[in-house]
Amino acid sequence: MGKRRAGRELLRSLSKKQKKHLREVGEEHPFYDKLLLLLLLHSCFPFQSEDSDKSSAESDSETEVEQVSGYHKLLATLKTSPESESEEEEDESESEEAEESEAEMDSEGPQETGEAERGEQDKNDVPEEEEDTAEQILSQEQADGTDTSCDPRHGVIEEFTDVKHESEFSLETNFMEEESGDCNADKRDSNPFKQHMDKELEDKEIEKMSTLPKTSSQSQWPRLGQLIFSSTLEKHKTLKADKEVDVKQLRLHKPLESTWPKVNKQFLSSVDKPVDSPFTPLQRELFCILNSYRDLFYPERNALTNGEEIRHAYCLHALNHVLKANAQVLSNNAKRRDRKPGTDTDDYRDQGLTRPKVLMIVPFRECALRIVHTFISLLEVNDKKKIDVSNKKRFKGEFGSDPEEKPPNLKRPEDYEAIFAGNIDDHFRIGVAILQKSMRLYAPFYSSDIIIASPLGIRTVIGAEGEKKRDFDFLSSIEILIIDQADIYLMQNWEHVLHLMKHINLLPLDSHGVDFSRVRMLNLNNWSKYYRQTLLFSALQDPQINSVFNKHCFNYVGQVAVRNVPLTGSISHVVVQLPHVFRRLEAESVTSVIDTRFQFFIDKVLPEYRDAIMSHTLIYVPSYFDYVRLRNYFKKEDLNFTHICEYTKKAAVCRARRFFLKGEKQFLLFTERFHFYKRYTIKGIRNLIFYELPTYSHFYSEICNMLKATDNGVDATWTCTVLYSKYDAQKLAAVVGIDRTAQMLQSKKNVHLFVTGEN
């Protein structure tokens, strides 16, 4: 006991950097690795304690326990070197200084976002998270009996996949249960799933979709508004919104007919409709499009209002698709088993080249957690008939969140709280297999029906050209692609989404044990992308998101895009009396607008603000690359400025805010991603420059309203300047409204003035 107590005392003496390195890498930094001491301790201390044996025995039987090696324990007991102690003191003093200055300016406290991509660009500039001691981490691993191989806090050592239940969830060796009641589901003539997947396209139609432009038509729906229907093939029947929907008419898989009204009841209470209606007005119109297997782009998703409604709608559609597809396979398994020798086997083509059918891209682990919980609720007919969910405890531990982790007394906008609720780690992926009355979490991708992942999580699996370890064959037969909260990926890394779209529905490089006699001809012909349904949900319309929908969606049924134009714009929410000067710059093309904007800014805008009278000027920069360019130019010109971006350390942020508030720095460069992830109120602003219109229109009013945070009687000197071009039409309409946008783009004037806050 004395030796173990001494080890704990040594562990507590580790510096923050040592603990952080131990936690992330799993071993001590080589600089502190004293080999002789390690060998001595190795010969003296036993590594397997009674406590670890006891906790391992009590762990969940579904979870495989990864034993913490004695090597890690010994490294954790090494004494701190003098160099690390001095560094620790510097870090602590810097942190204390940051906290004190933060308290002086306002009561807001910084909150970490868990964005994994920050470390890829500059690991040294990422704000440090609150760290558990190494002792707590190691003991918690043993007590919980969990495998931390894919825990982001410990670094990716070995990704966990459930191989224990492989045979139980195999589609090849199982048969349809009679009591499931869906054996004859494939015989229904009005089954949308069968109609879509059994359609046999001809070579002429494929060539037509590849070469000819799409024809479009408009329609006005009660709830969704203006819809644009587009298709390359002949015009299909005009899709009309159903006023009332009977669940039985939707041809849902039998369990979903009874569970959906119960699961969706929470959204029906606030709707002034008959109680027997299973859908809200929004869900009814959305599901009408989803069930027709058309591609959909809905740019009005709001985390506060309709986010969960939409999530439930597409979860119902995805689960219904998987259950029907698997029911068809299991039913055909029984038919093949009972068929007479010599019977033609082409009647049983019911699979793709790989098993995964649905890919769901979501930004955070909390989103994946809610999706899985929705699946479970939809599969459980009643409280007595619980479905068997493997690895459920492990899933809750890795995708759930601890309420105590959230710092107290944080005041943030409601939309911020809704977006960043729960576990906001953005590096994850998980396979889900569903077979009749059971669900298997952490299924290997090639044994999964549904894959839920973040863009970063799926990107690290796909890899890049030239990498030895990369795999994207599991994307070859995706039939439904759901990209939810696409606007958040603009704040993460949009390149990951583009990389995914380039690797989906390609012919696999390996057969992966597939029975080619069961593979549909559409997959063998490499026509999967023409059958794939893509569902794109976003909080805004953006050219990059529009490009994905227009260039990477080839569904033969056609596409539907919601195109409602904003009437007023976010400028109407500016409460301070402020003159807004919009200055148009002329650019020859989209590619040249970046350089044109920079030259326009340094030649015509910046000289007006160089005078000392124009102090306290905040420059809002949406693009990080533009921010770096401006920062380098300001340094070169030796301007009196400070800067804040998403990679700036906590202490540096506090210093920059203090310098700007006191007027010690004339300019403050401020990135949009920092505002998205932090939402700090910047005090001391007297002059605003929007280098480019914000991606989120409500950020415009938020930044403008920051001027009221400093009430010192200088309202008359407040200014706001906005740079825009004709290529910013969508962003401009979201800020000033569609009518003003049309006037500004058609007018010969390059300067337009609007005043807000007037009585």
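In which sense, parallel or antiparallel, do strand 5 and strand 7 pair? In this predicted model, strand 5 (residues 388–390) and strand 7 (residues 438–441) are joined in the parallel sense, over three bridges. One of the residues involved is Asp 388, whose bridge partner in strand 7 is Ser 438.

Strand 7 also pairs with strand 6 (residues 429–435), here in the antiparallel sense and over four bridges. Within strand 7, Met 439 stands opposite Ile 434. Strand 6 and strand 7 form a hairpin with two residues between the strands, and in this hairpin Gln 436 takes a positive phi near 55°.

Just after helix 28, Gly 737 takes a positive phi of about 100°.

For the protein as a whole, the secondary structure comprises 29 helices and 18 strands. The protein has 759 residues, of which 53% count as buried. Among contacts with a separation of 6 or more, 78% are between residues 24 or more positions apart. The accessible surface comes to about 35700 Å², and carbon and sulfur atoms account for 50% of this area.

Methods
Residues numbered from 1 in each chain as written. Predicted model: local features only at pLDDT ≥ 70, side-chain atom pairs only at ≥ 80, totals over all residues. Heavy atoms only, no water. Buried < 20%, exposed > 50% of the residue type's maximum accessible area, 1.4 Å probe, protein only. Contact = heavy atoms within 4.5 Å. Areas by Shrake-Rupley, 256 points an atom, 1.4 Å probe, with all protein chains shown as cover. Pairing = 2+ DSSP bridges.
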